[in-house]
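Good morning, and thank you for the time. I would like to walk through one model with you, part by part, and I ask you to keep it in view while I speak.

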Amino acid sequence: MFICAASDLICLLSCCKAFPVLAFNFEHVRKPFEISMWILLALLMKLGFHIIPRISHVVPESCLLIVVGLLVGGTIKAVEGTNAPVLDSKLFFLYLLPPIILDAGYFLPIRPFTENLGTILVFAVLGTLWNVFFIGGTMFAVCQIDGAGLADVDLLSCLLFGSIISAVDPVAVLAVFEEIHINELLHILVFGESLLNDAVTVVLYHLFKEFSHEGSVSVGDALLGVVCFFVVSLGGILVGFIYGILGAFTSRFTSHTRVIEPLFVFLYSYMAYLSAEVFHLSGIMSLIACGVIMRPYVEANISHKSYTTVKYFLKMWSSVSETLIFIFLGVSTVAGPHDWNWTFVVFTVFLCLVSRVLGVIGLTSIINKFRIVKLTKKDQFIVAYGGLRGAIAFSLGFLLTDSKMKHMFLTAIITVIFFTVFVQGMTIRPLVELLAVKRKKESKGSINEEIHTQFLDHLLTGIEDVCGHYGHHHWKDKLNRFNKKYVKKWLIAGERSTEPQLISFYNKLELKQAMMLVESGSTSKLPSVMSSPPRRRAMPSISKSREEEIRKLLRANLQNTRQRLRSYSRHDLMIDPFEDNVSEVHLRKQRVEMGRRMSHYLTVPANRQEAPPVRKVGFQPGQRNIHKLSLYYDKVI
């Protein structure tokens, strides 16, 4: 019986398939594995770049990453015989570009940006329009040359190419300008232009793309293009504003779930970008508006750990995206296909340089008439030389319909990108040192600096009121008052909505200093109070009667600083209504007193009296000594 059971078991095992101890199924994880390998390659390249400082002082990081992409693409093509994955437009615009723009918009220096907003808009709008039509029109003239082999390229196609190649790329500008540490004015001018010219580029690109398919343009189409520009730019800002307000309002209720606070910042910002792209609005301007609107209210609501998470995750995300973009540019260059035309490529590079220089010089001559701080010749050179092209131009060219003309356009675009990134990017640092251009100064904020900044802002606001000229200081003050009175109550939770600006700034400085000490390991320098739980700040309590007494005293002795004053005119003298109650006797007394003072100051005395001797006195602080000192000076005078 036992033998029969054993034989049945053997037969059963022989019929069944053996259990696999080890299996291999790469196709199941192919896509996430390749994504992880590309990200790991990007991180290793960035790590190696910073380990070798000699290379980083000579060659920009973006150049080395493109070279790595060229090597990787060539290796894959030589080993496998197939092309490596190229920089697809969908991958670029939906996944790689948003982190870089969000990082730039969320940490955008608001004060330099708003103070130079007029100059930035002139360069971004008028400068881009000049580049598009100058390059497009001149390239059409070049295409008419006999023997160039470009007779089939029409005017609308040249204008479409000009709209692709004219815009300054924010990714390339960030990669180069952050390494040379240029001063804040030049950095915000070039980088602000690269951010805001997105609306002009998007409108002109879609406009000329549609016109090139139809083959004709009417006056109505041109007017609709102008309207479309305002819709794309203002619509993108409006979408970002809405999502920024929603993100700030949501962060008001996250005090019990601190873990999910950073996710709201990322998701609301990304939703703003995607919502703008749905309606073909400017996603870049939407993302910038969302980050700028959201940041001050979100930072007042979220915890310190959440703020640190947002800061470092954005920096990490944008850095990885930037690295992948430049590597994919190199890989896409190897992948091709290319259609090389010497005439088209050489004239494209030359006209990009000429149009940039002429545009900056011409616009600066107009801008300097309205600026207090003029742009010097050195500044103009750096602004013109810093107009780098990058992956946005390549992705827009990649979206064109497959044809021989598209391949020629892409070849010329890649050549311009390589020229601006390698030649201009590598030579801008020695040129900045040669011209002795002012560098960025790393200065720590202080309460003293903040007090003087606020004092000057209030002083300039008052001067504008007195002169009757409502400039940007006046409207900035109006906006701050509206923000304190209405917006903060709805978007900031707790007592921080009514916290004075100086106290809030002081708390941020304290927190920043504590973070620096902890990160450096100098925790012994921290005060012992930090270990104890934070206490609520005690607010001074004043009785209602005392408060009303103070208010009456202030009303009686202080002027109304925000009263509307009439502007001065030398042609007519308006009667001040506040002087109606002044009596004639009081005016006569004032004239007599003024005449007596003027005669006293303008009359030369007959005999010059000698100054009384002055004795040095030493005293200890106290009311009695101060009284003695005041009696002594009365006697001397």
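Against which helices do the buried residues of α13 pack? Before I answer, please note that this is a predicted model.

The buried residues of α13 pack against α5, which covers 89-106, and α12, which covers 219-250. They also pack against α14, at 283-301, and α15, at 304-335. The buried residues themselves are E261, P262, V265, F266, Y268, S269, A272, Y273, S275 and A276. As a general point, an α-helix has 3.6 residues a turn, so residues three or four places apart point the same way.

Helix α13 has 18 residues, 261-278, and at 1.5 Å a residue it should span 26 Å; the C-alpha atoms at its ends are 26 Å apart, so the two values agree.

What follows α13? The helix is followed by H280, whose phi is positive, near 60°. H280 is not a glycine, although its phi has this positive value. Its place is in the loop between α13 and α14.

Is V259 buried or exposed? V259 has a relative accessibility of 74%, and therefore counts as exposed, for which the cut-off is over 50%. The C-alpha atoms of V259 and S306 are separated by 7.3 Å, while the two residues are 47 residues apart along the chain.

Let me now step back to the protein as a whole. The secondary structure comes to 25 helices and zero strands. The protein has 637 residues, and 38% of them count as buried. Its accessible surface comes to about 40,100 Å², and 66% of that belongs to carbon and sulfur atoms. Consider next the contacts between residues at least 6 apart in sequence: 81% of these join residues at least 24 apart.

A42 lies in helix α2, residues 30-51. Its relative accessibility is 1%, and because the cut-off for buried is under 20%, A42 counts as buried. From A42 to S319 there are 277 residues in sequence, yet the C-alpha to C-alpha distance is 9.4 Å. Setting aside residues up to four places away in sequence, A42 touches T323, L324 and I327.

S157 is another buried residue, with 9% relative accessibility. S157 belongs to helix α8, residues 155-165. Beyond residues up to four places away in sequence, S157 touches M405 and F409.

How many of the eight residues of helix α18 are buried? Seven of them are, and the helix, residues 391-398, is thus mostly covered. These buried residues are A391, I392, A393, F394, S395, L396 and G397.

A436 is exposed, with a relative accessible area of 60%, whereas V437 is buried, with a relative accessible area of 8%. A436 has a positive phi, near 55°, and is a residue other than glycine.

What does V437 touch, leaving aside its neighbours within four places in sequence? V437 is in contact with I182, N183, L186, K378, I382 and V432. V437 and D379 are 58 residues apart in sequence, and 7.8 Å separates them in space, C-alpha to C-alpha.

My last topic is empty space. Rolling a probe the size of a water molecule over the atoms shows where empty space is left. The second largest pocket holds about 970 Å³ of space. It is lined by 31 residues, and those nearest its centre are E115, N116, R371, I372 and V373.

Which helices each supply at least two residues of this lining? They are α6 (110-115), α7 (117-143), α10 (184-196), α16 (342-367), α17 (377-385), α20 (447-467) and α21 (472-491). By class, the lining has 14 nonpolar, nine polar and eight charged residues.

Thank you for your attention.

How values were computed:
Residues are numbered from 1 along each chain as its sequence is written. This is a predicted model: local features need pLDDT of at least 70, side-chain atom pairs count only at pLDDT 80 or more; totals for chains, interfaces and linings use all residues. Side-chain values use heavy atoms; hydrogens and water are left out. Helices (H or I, at least four residues) and strands (E, at least two) are DSSP runs, numbered from the N terminus. The expected span of a helix is 1.5 Å times one less than its number of residues. Buried means under 20% relative accessible area, exposed over 50%, partly exposed in between (1.4 Å probe, protein chains only). Contact means heavy atoms within 4.5 Å. On a 1 Å grid over the protein atoms alone, a cavity is a set of points where a 1.4 Å probe fits but cannot get out, and a pocket is an open set with protein on both sides within 12 Å along at least five of seven lines; lining residues have an atom within 4 Å of a point. Grid points are joined across faces, edges and corners, and a volume is the space filled by probe spheres set on the points. Ala, Val, Leu, Ile, Met, Phe, Trp, Tyr, Cys and Pro count as nonpolar, Asp, Glu, Lys and Arg as charged, and the others, Gly among them, as polar. Accessible areas come from the Shrake-Rupley method with a 1.4 Å probe; for residues, only the protein chains shown count as cover.
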